[in-house]
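Work through the exercises below with the structure in view, and read each solution step by step after trying the task.

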Amino acid sequence: MRFECESNPGRTPRFRPPMEGCVARDRRLANAVKICYIDTFASIAANIYRSLVSLSRDRRAADLFDSIAEEELEHFRLLGELILALGGDATLRGARGTCMGGTGHGEAVEFLADECDVRQRNIDRYETLMGRTGDRVVRSVLAKLLSSERRILERCEQFNG
């Protein structure tokens, strides 16, 4: 029997074992991860905005920002699951978005520069978090996110070159 992903017909859903019970409770680490969680939420909104603004001027840039937002949605879900497994609270009470970047004129170069800065900051944060825990499951999740952030950064850097 093959199960299909509702959001992506024809694709098998990703295997996602529950982290609950596989991760030692650590509220301090959960709070540190929550910073990444909130930033990821804001980044999803920023990349959707960038995609919409870029659409009329540069379809390739719009598609890039849209694909980054989709990948970040997976990061957001994974970070939320990790926070809950660590014993933290994954609600977004009072979460504020960040500046969407750009002048509103759809300057892909400016958007890409902002995106590269965000990716590098995320890479630094995930590396720091990996150094703060010895839990193999947490380190594995953070390594997956770190790898994804590096791929996104590489795509953004190669976009214009």
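**Exercises on aromatic rings and a buried glutamate**

Arg60 lies over the face of Phe159, at 4.2 Å from the ring centre; a charge sits over a ring if NZ of Lys or CZ of Arg is within 6 Å of the ring centre and within 35 degrees of the ring normal. The model is predicted, with pLDDT of at least 70 needed for local features and 80 or more for side-chain atom pairs, while totals for chains, interfaces and linings use all residues. Residues are numbered from 1 along each chain as its sequence is written, and side-chain values use heavy atoms, leaving out hydrogens and water.

**Exercise 1.** Explain why the pair Phe65 and Phe111 is edge-to-face.

Solution. Rings of Phe, Tyr and Trp (its six-membered ring) pair if their centres lie within 6.5 Å, and planes under 30 degrees apart count as stacked, over 60 as edge-to-face and the rest as tilted. The centres of Phe65 and Phe111 are 5.9 Å apart and their planes stand at 80°, so the pair is edge-to-face.

**Exercise 2.** Determine whether Glu71 is buried or exposed, and find its side-chain partner in a polar contact.

Solution. Glu71 has 19% relative accessibility and therefore counts as buried, since buried means under 20% relative accessible area, exposed over 50% and partly exposed in between (1.4 Å probe, protein chains only). Its side chain joins that of Arg155 in a polar contact of 3.2 Å, a term for a pair of N or O atoms within 3.5 Å where, within protein, one must be able to donate a hydrogen and the other to accept it, and residues adjacent in sequence count only if both atoms are side-chain atoms.

**Exercise 3.** State how much of the protein is buried.

Solution. Of the 161 residues, 42% count as buried, and both Phe65 and Phe111 are buried.
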